[in-house]
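Morning, everyone. I have one structure to walk through today. Please have a look at it on the screen.

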Amino acid sequence: MEKLEGVIFDLDGVITDTAEYHYRAWKKLAERLDIKIDRVFNEELKGVSRMDSLDRILEYGDRLADFNATEKNEMADWKNELYKEMIVDIKPSDILPGMEAFLDELKQAGIRTAVASASKNAEVILQSLGIREQFDFVVDAAKIEKSKPDPEIFLKALELLDLPADVCVGVEDAAAGVDSIKDAGIRAIGIGDATVLRRADVVLAGTDELRLETLKSLV
Ligand code: G6P
Ligand code: MG
């Protein structure tokens, strides 16, 4: 009997390369605060919510105590406006390689799909990419209290799919995201660097390497 029944995808860095724009926008904000961030530090921001990302940057620059809640909200809004300008032209050709074909394959195999992204821009991005309808569910990030690596968002996806963890696989590009999947009791496919995505059951270099057989072998 085929066991795989559901696949839960992260968005930024898995479905499209918006992880790069998040990085560039945070880097600009950090520069305004005289904090220098690089791609190595950025691995700690991937998958993490907007306000938690800001806190991590301020902590990294030793400036956490310098700003009150209002100022922090203003900074997060500034970054988000910049980010939204960067993604204004995002289009179907920005879907990462192999992803559309893979989603079609899942649909044909009767496997249900969900998106579990911490991004409050997720719905807009999926609409712009023209693939919102390919997913059965998109978790509403606004209703999630605890940022990845907490498993809350992947547990919510399981609830929407109405499936147990052991018949599902999660796909993530962030270390925090892989932790979130694993702590929800789900098998994880990491997309990226195996030294970063240590807890993933399988790590692939890119989305073009996603194969239904690989996912089936995990459950
Ligand atoms: C995803 C990204 C993070 C981003 C978070 C919140 O998890 O990987 O880099 O900070 O979403 O996104 P938002 O679009 O709501 O600021
Ligand atoms: Mg991601």
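Predicted model: local features only at pLDDT ≥ 70, side-chain atom pairs only at ≥ 80, totals over all residues.

Let's start with the metal. Which residues are the protein donors of the magnesium ion, ligand 2? They are D10, D12 and D173. D10 and D173 each give an OD atom, while D12 gives its O atom. Now look at the sequence. The donor residues are spaced D-x1-D-x160-D.

Are D10 and D12 buried or exposed? The cut-off for buried is under 20% relative accessible area. D10 has 4%, so D10 is buried. D12 has 12%, so D12 is buried too.

D12 also takes us to ligand 1. D12 is one of the residues around that ligand. Others in the list include H22, L45, G47 and R50.

Now the polar contacts. A backbone N or O atom of V48 lies 2.8 Å from an oxygen atom of ligand 1. For K120, again a backbone N or O atom, the distance to an oxygen of ligand 1 is 2.7 Å. N121 uses its side chain: a polar atom there lies 2.6 Å from a ligand 1 oxygen. How much of ligand 1 does the protein bury? Taken alone, the ligand exposes 390 Å², and the protein buries 97% of that.

Helix 1 runs over residues 18–32, which is 15 residues. The expected span takes 1.5 Å times one less than the number of residues. So helix 1 should span 21 Å. Its end C-alpha atoms are 22 Å apart, which agrees. After the helix comes D34, with a positive phi, near 60°.

K72 is found in helix 4. Is K72 buried or exposed? Its relative accessible area is 16%, so K72 is buried. What is K72 in contact with, leaving aside neighbours within four places in sequence? The answer is M51, L54, D55, L58, L64 and F67.

Definitions and conventions:
Residues numbered from 1 in each chain as written. Chains lettered and ligands numbered in written order. Heavy atoms only, no water. Donors = N, O, S within 2.8 Å, 3.2 Å for Na, K, Ca; no water. Buried < 20%, exposed > 50% of the residue type's maximum accessible area, 1.4 Å probe, protein only. Helix = DSSP H or I, 4+ residues; strand = E, 2+ residues; numbered from the N terminus. Near = heavy atom within 4 Å. Polar contact = N/O pair within 3.5 Å; in protein donor to acceptor, adjacent residues only side chain to side chain. Areas by Shrake-Rupley, 256 points an atom, 1.4 Å probe, with all protein chains shown as cover. Contact = heavy atoms within 4.5 Å.
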